[in-house]
Each structure stands twice: as structure tokens, then as C-alpha cells.
Amino acid sequence: MGVNAQSVSGDWKGTLSVQGMNLDLIFHLAEENGSYSGTLDVPVQGATGIPVDKVETDGKTIKLGVSAAQIIYNGALQGDSIVGNYEQAGMSLPLTLKRFESKLPGITSLVSSEEELQALKLSDKGDYKYRVEDYFAKPKASSFQLSPNGKYLSYMEKDGLKNHVYIKEIATGKVTRAIEEKEEPIKGYGWVNDSRLIFVMDKGGNENYHIYAANTDGSNLMDLTPFEGVRAMMLNELKDQKDYIIISMNKDNKQVFEPYKLNVNTGALEKLFENNDPANPIQGYDFDKDGTLRGYTKMVNGVEMEYYYKDLQSGKFTLLKKMKWDDTFGIMSFNYASNHPDDAYVMTNLDSDKTEIVLYDLKQNEVIKKVFSNPHFDVSGMRLSRKRNYEIDYFAYEGEKYVILPQSTFFKDFSRKMANEFKDVEYYVTDFDDDETKFLIVVQSDRVYGKYYEYDVRAGEFSLLYDLMPQLDPDDMAEMKPITFKSRDGLTLHGYITLPKAALEGEKVPLVVNPHGGPQGVRDSWGFNPEAQLFASRGYATLQVNFRISGGYGKEFLRNGFKQIGRKVMDDVEDGVKHVIGQGWVDPAKVAIYGGSHGGYATLMGLVKTPGLYTCGVDYVGISNIETFFASFPEYWKPLTEMAKEIWYDLGNPEEAKIAREVSPIYQTDKIIRPVFVVQGANDPRVNINESDQIVTALRAKGLYVPYMVKYNEGHGFYREENRMDFYGAMMGFLAKYLK
């Protein structure tokens, strides 16, 4: 070609303007022995490493071809710019590329090419009734909500890969698009009053959430928290102050969060309390329905909690409780039906192993009466009716399944109607209007993804509003069976096994072991699990174990897992595998392990600890090195470091630091002998991309097959539909290679 290689080698970035959207394209060009090669990244689509299979230049002009995407680019070199034209699928647009230094997170050269990952997908061969898309495409409509006055129904509706928010006037049927989803996905939305909506977005999955607002006709769109590097979160709605909400932000100090009263029309902010001691930060605030701060929970020395309550006469906050960080004492609601303003419903385990609900006199600092408890499981919630003078409608707890116990006459009648209308399902009240004459209910089971129903209180009737996944026939879905077994050291453990039909017919089937994330305080639950159903459609069973340290089973069960991550926690997972093999459901020669976050860590540790048990593993945003995991905590996690030491290991203690190395997969790669598929969001603030980069590097160095998928517009897990499709498609291909 006779050109100066430096004139085109390097990284080039340009922005296409397509239908009002800006789309960044990044070309990485390299020269070796007079020949050029290149790759293309499209960060907004999470696509990296797309092969540029044509690079032609004479030193003055350049032609780039990407046959996989039918892209041709012709340009003229002008110093550090290339001015040219971009062509794709009949579209022709001007595009100027500028030389820049690529600063994508992580080691980009480790990432498997799009070509490799697409080839991996093709290993999932078979005449299957359902595709990956059938389980993981977002519903065509979802997130249904009622306006406070009940006159409007809002919902998110798909438009290609976007999900816009629409408002339907119930009386007339008129539909208006209120919020348009653009480059970043809308992570959640809700009504503030009858004319104003709020919604939440971050940037590329970095979890620095901004709160936005828009009118129901889309006007007066505002970023209410336009602060770079700040995380804003909703704390309280104010039903009687309809233009305001209470939020928390780490605006003045990235390590601590402070409460603000926010005007959703103007963006005006009023700080409500100072959180000015990062060494002993306030971790939670209790506001009443009028927006008055009544109490707060403060962390002291990193591992203790103090609860301060406000004396209503003096206005001073006084210390009410001292407890360990893993004890529970939290106000669920003040008892507004009482004449005593200091009475509150409190969720606590200070006097019990299982969390229970008590009616508490905060002024006298004493229990008035125990309201609800369960001997086997933590209580999970209650509902009060604002319309009926804060009458208790129900209590709830989660055992093998989610259980609602009606209390009020209204809810007992509603529950009877539910039981007559629906069989073998769980239901959740997701929304209602202020007059409590219309309720939205989601009905689901292990075989039903979810159906929205509207309940008309006056008529006493249910009407189907929307089937979220009509393409999935419940008769084709697999059963999720609760299981109970003993650990090797005598603990009673619970979990779930999802079995394909072949297993129910007596055939031993392959198994995917799926340890949950967290790990502390999180648990797996009965219900529709798209991953388990996808695995079942390919003939695989799925095992989920609520190992020690899981939530919902009391504080002693939780504490049994402290400083046992990678050790007894993994024993519990292995004991679950032995249990389901012993039931005759599973082929012991075909067992894989897959999980996300702590589950990704458990995947790697399973391959370390019992290398002969698993045929392969899928590590999704998982920790590989406890030392670097601790070192990369986001700023707002740093006050929680002492707590993390109690849960994981204290790296400042030589004995525990030694254990932490022994249960860090990066230092035990000699024991990993099976292939691993590693998956990572580049902007993950919790599990830094370095966790995946280092394990990929180490395992490939010993010759293992380690495909590596990174999405550059994602964080701790994949939110965007197109990225989830890529991930699950590639994972099914990977599993097919080792389980079929």
C-alpha cells in the first residue's frame, strides 16, 4: 500500500446522527508487516470487537468495510481527522472520525470478538419450541400504574429496543406518550400527582441515578438532580404535598447520603438534615406522612447501629437503641390510627431470632404488643389502608412460597374472591388509587410469568388487564419444587429444583447449579424464573440453594454464614447438589454451575473447591479476588467496610487474610480444570471489570477455554434487552457444549 502506518493506526471515534439520536462509532486500526486490520465498537449497543474486514488506504484516503453489519466507510485523511461518508443498508450519512486515545474500561484485547461469540451461540442446536427471546424479551407492555385519582393508567410500551412511558385516559381511551426513552434506559418511573411523573436513569449502568420529571403530556421535562457523579434515590412520597417528594443524595460527600425535599415542578431542593460524620454515617431516615424527620439510624464504628428518635416536645433527637449492624429495628409506619403520635409499627428481631412486627411506643421506648410473627421465617411486610384510617389489611411472610394473611374485613373478602378466581398462584397488590376503589394485581406462579388484573372494589370483579408473556404456554413450563435437606454440619437448608419433564418421567437430566447473589440477606424464591425455564426448555434442571447467610430464615442462620463465604457456604451448595442427585433427578456427569455477582464468585469457587463435580462454569459479574474487590469499593460503600469485613474477611488480620487468599479464585487457578464463560458489564461500580479481566488472563494462560463477553454500556448485570439476548444466547451455546 506504500503508506505511513502511523497515519491510520490507532483509535478513531466519530458520531453519527441517526433519526435524532447520536451514535458513537469507534474504529481500532492496527498495522503489522504492511497489512492492516481493525475492529469496530458501538458502545451504546454494547457491541465491541466487530471485525473490520476491509482496511484499504493510500495515505490520503481510506476505505473501511464491516461485512457483518454491511457497513462501508470512505474518507479522506486530514491530519488527525478523517472526513468521509458512512453507508449502511441503503443509508448514507456524513461521518468525521477523529483520532483519540481509547479509554474503554478494562483490557479490551481480552474480550472475545463478536464473531467468536456468535459462533458460540450456534452450539445451542435443537428443535426447540421456545427461543431465548421468548423468555428474555421485555414484555410489549409492562409497569402498569394508576394515577392517584384513578382516571389514568400508565405503562411502558416497547418501540423496537426502547420502552417509552404512555398515559391512557381510562374514560376516553386517549393515549399520550409522556416519556420517550432515548439513549439510556428508564430504570423506573412513578406518579407524583395527577399531572406529573418522575423517572430514574443512570449512565451506562454506573448506578449514579438521576431523578427526572415530566408532565403527563411530556412537557416540562427536567433532570431534577443534575449533579455529576451523584447518586439520587427516592425516600418518601408526600401524599398531602403533591408537588414534593423526599429523596437522598450523596451530593456534598460521595460517601454519605443526606435527605432533601424536592419540588418536582421546579427542581428546588431543601436539605432536611446534615449527615456530616462519614466515619459514623447516618444509614437510614424515618419521615412521617407529613415529611417530618422523626428518627434516624446511625452506624458507629462500622459494625454497630444506634437509633435516634425525635422528642416531639423539645425537637431533640435522643438515643433510643444500640445494636449490632445485623440486628433489626426499623419503623414500618407510624400508627396514624392512634391518638398517640409516638406509636409505630416496628419490624424487629432484638428480642427474637426471627424478625417480627410489634406495636412500639417510641416515647416510652417499649413494646406495646406483638402484632405478628412466624416461628420459622422472618416477617416480610404488612399493608395499611390510608383510606380506611390506616387499618391493617394484611401481614406477609416468605416461606417456601410468599404468604399473605388477611386481617381487615375488606381484605378477607378480597382474598376469598382471589382464591375463587385463581388457583395455585401467588398475587401481589402493585398499585391502587387514592380512594382505594381500583387495585392493580399481578398474578404469577412457577409456570406463569405474570398477568396484570384490575380489581374494581365497587363491583367486586377482576378484569384481565395484560398478560406479560402470552407467548409462553404454562403447560409447557417446568415445575419449581421446594426442597429441604440437611447440611453436612446439621443445618436445615431450603431451596428449589426446577425440573424439565424428562426428569419427572424418570430420566436423569443435566443440572445447572445457580447460587444466588448478595450473598447476605438475599434469597431465592418460588415463582416464575426465566433462566430456570430457559434451561428446562433445553432439558436441564436448575438447583437454587438458600445457603447459610441467606435472608428470611432468622439472624442466626444469617450469622452462620459470616466468614464462611467460599467455605461452608460452598459446602451448602455442594450438599444441595448431592441431595438432588440422590433423588434420582440428575445425571452426576453433567453438572454445570452459573451465577451472578456472589453467584459468579461461587461459580469460580465451585470450580476450585470441587473441580470434578462440574463440567463447566458461567461467571457473570463475579468476584475473583477478595483483595481487589475490597480495594475497588465505590465511595458510598467505604463506610460499610467494617461490616464487609465481618461478612467476608478482615484483610488486616493475618489469619483471615490468609483465608481470603485461599478462597480467592485468582490464587487457586491451578485447581480450575473446566472451561469458564466470563461475562462483565464494563461500568460495574460494585464488581469492577478488573475482577473479570484478571481471572480471564490467568485461566487462558493455563490453556483453558475462556470466552469473555463485555458490554460497555452496562454495569452490575445487563439491563438492556439486546445485551441480555446476546448473553443468554451465548450462554446456552456454551452450556450445550458441555451438558449435551
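Predicted model: local features only at pLDDT ≥ 70, side-chain atom pairs only at ≥ 80, totals over all residues.

Residues are numbered from 1 along each chain as its sequence is written, and side-chain values use heavy atoms, with hydrogens and water left out.

**Exercise 1.** Describe how helix α1 and helix α13 cross, and list the residues in contact.

*Solution.* Start with the names: helices (H or I, at least four residues) and strands (E, at least two) are DSSP runs, numbered from the N terminus. Helix α1 covers residues 114-121 and helix α13 residues 721-739; their axes come within 7 Å and cross at roughly 60 degrees. Here axes are lines fitted to C-alpha atoms, for helices over the stretch in contact, and angles run from 0 to 180 degrees between N-to-C directions. Next, classify the angle: under 35 degrees counts as roughly parallel, over 145 as roughly antiparallel, 65 to 115 as roughly perpendicular and the rest as oblique. α1 and α13 are therefore oblique to each other. The crossing of α1 and α13 is left-handed, meaning that the near helix is turned anticlockwise from the far one by less than a right angle (clockwise would be right-handed). Finally, look for contact, that is, heavy atoms within 4.5 Å. L117, Q118, L120 and K121 of α1 meet M725, D726, G729, A730, G733, F734 and K737 of α13. By class, this contact of α1 with α13 has 5 nonpolar, 3 polar and 3 charged residues. In that count, Ala, Val, Leu, Ile, Met, Phe, Trp, Tyr, Cys and Pro are nonpolar, Asp, Glu, Lys and Arg are charged, and the others, Gly among them, are polar.

**Exercise 2.** Work out how α5 crosses α13.

*Solution.* The axes of helix α5 (residues 530-537) and α13 come within 12 Å, with a crossing of roughly 45 degrees. That makes α5 oblique to α13. This time, α5 passes α13 in a right-handed crossing. On the α5 side you will find E531, L534 and F535, which meet Y728, M731, M732 and L735 in α13. The contact of α5 with α13 holds 6 nonpolar, no polar and 1 charged residues.

**Exercise 3.** Find the angle between α7 and α8 and name it.

*Solution.* Helix α7 (residues 568-582) and helix α8 (residues 598-609) have axes that come within 10 Å and cross at roughly 80 degrees. They are therefore roughly perpendicular to each other. From α7, V569, M570, D571 and E574 make the contact, and from α8, H598, A602, M605, G606 and K609.

**Exercise 4.** Locate the largest cavity and give its volume.

*Solution.* On a 1 Å grid over the protein atoms alone, a cavity is a set of points where a 1.4 Å probe fits but cannot get out; a pocket is an open set with protein on both sides within 12 Å along at least five of seven lines, and lining residues have an atom within 4 Å of a point. Points are joined across faces, edges and corners, and a volume is the space filled by probe spheres set on them. The structure holds 1 cavity of 30 Å³ or more, and the largest cavity has a volume of about 40 Å³. Its lining includes F377, E400, R523 and Y553, while β37 (479-486) and β38 (492-499) each supply at least two lining residues.

**Exercise 5.** Find where P519 and Q70 sit, and describe their backbone.

*Solution.* A cis peptide bond, with omega about 0 degrees, joins G518 and P519. P519 is in the loop between β39 (509-513) and α5. Q70, although not a glycine, has a positive phi of about 55 degrees, and lies in the loop between β6 (61-66) and β7 (71-78).
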